[in-house]
Amino acid sequence: MRVLAKIATAAAIAVPMLVAIPGAANAAATPSGCSSVTQIGSTAYLNVGGQTMASVKQYKGCGKNYSYLYVWEGYRNTHSSWDVCTAIVTGGGHDVQDPRCGHNSVELWSFGAATLAECTQGLGWTGYGPIPYPSDGDIAVKTDVRC
């Protein structure tokens, strides 16, 4: 009977933990001021030092485009500090719009760019912003182009 009690206790503890673990690249919320968004295009992955640091996605909703960046738990568990930014880019990927940056952010939404009539990409990068500076060591990744 003790064995069954131990198994039941272990199962009772494990099930909530499994349910609470978020997917590696799933948006857990919506951007501020917008209650419903839809992902457009593919997910891009920001790799730093051979490790996946974050996922970057592009969304549309509430008349705007948003970029979303999620820092993976595996990266957070092995690093005590990081800086990331996310933005929408237009003009063939050269014009950064709507950047938002954060220190030790897990999830980061851009502010919302009024660019639904343009071809856009979601952009995510390491660093302080307001644009990625590869010469300073910033690593950037973009989603596919959506028109």
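**A quick tour of the strands and disulfides**

S55 counts as buried, with a relative accessibility of 1%. This serine is part of strand β2, residues 51-61, and its side chain makes a polar contact of 2.6 Å with that of W72. Keep in mind that this is a predicted model. The chain has 3 disulfides, and they get their own section below.

- Strand β4 (residues 83-90) pairs with β7 in the antiparallel sense over 6 bridges, with A87 opposite L123.
- Strand β8 (residues 140-142) pairs with β7 too, antiparallel over 3 bridges, and here G124 stands opposite V141.

**The disulfides**
- C34 and C62 are joined, S to S 2.0 Å; the torsion about their S-S bond is about 90°, so this disulfide is right-handed.
- C34 is buried at 4% relative accessibility, whereas C62 is partly exposed at 45%.
- C85 and C101 form another disulfide, with sulfur atoms 2.0 Å apart, and that link is right-handed with 110° about the S-S bond.
- This pair links C85 in strand β4 to C101 in strand β5 (residues 95-103), 16 residues apart.
- C119 bonds to C147, again right-handed, with 115° about the S-S bond.
- C119 sits in the loop between β6 and β7 and C147 in the segment after β8, so the pair ties together parts 28 residues apart in sequence.
- In sequence order, the bonded cysteines pair 1-2, 3-4, 5-6.

Terms used. Residues numbered from 1 in each chain as written. Predicted model: local features only at pLDDT ≥ 70, side-chain atom pairs only at ≥ 80, totals over all residues. Heavy atoms only, no water. Helix = DSSP H or I, 4+ residues; strand = E, 2+ residues; numbered from the N terminus. Buried < 20%, exposed > 50% of the residue type's maximum accessible area, 1.4 Å probe, protein only. Polar contact = N/O pair within 3.5 Å; in protein donor to acceptor, adjacent residues only side chain to side chain. Pairing = 2+ DSSP bridges. Disulfide = S-S within 2.5 Å.
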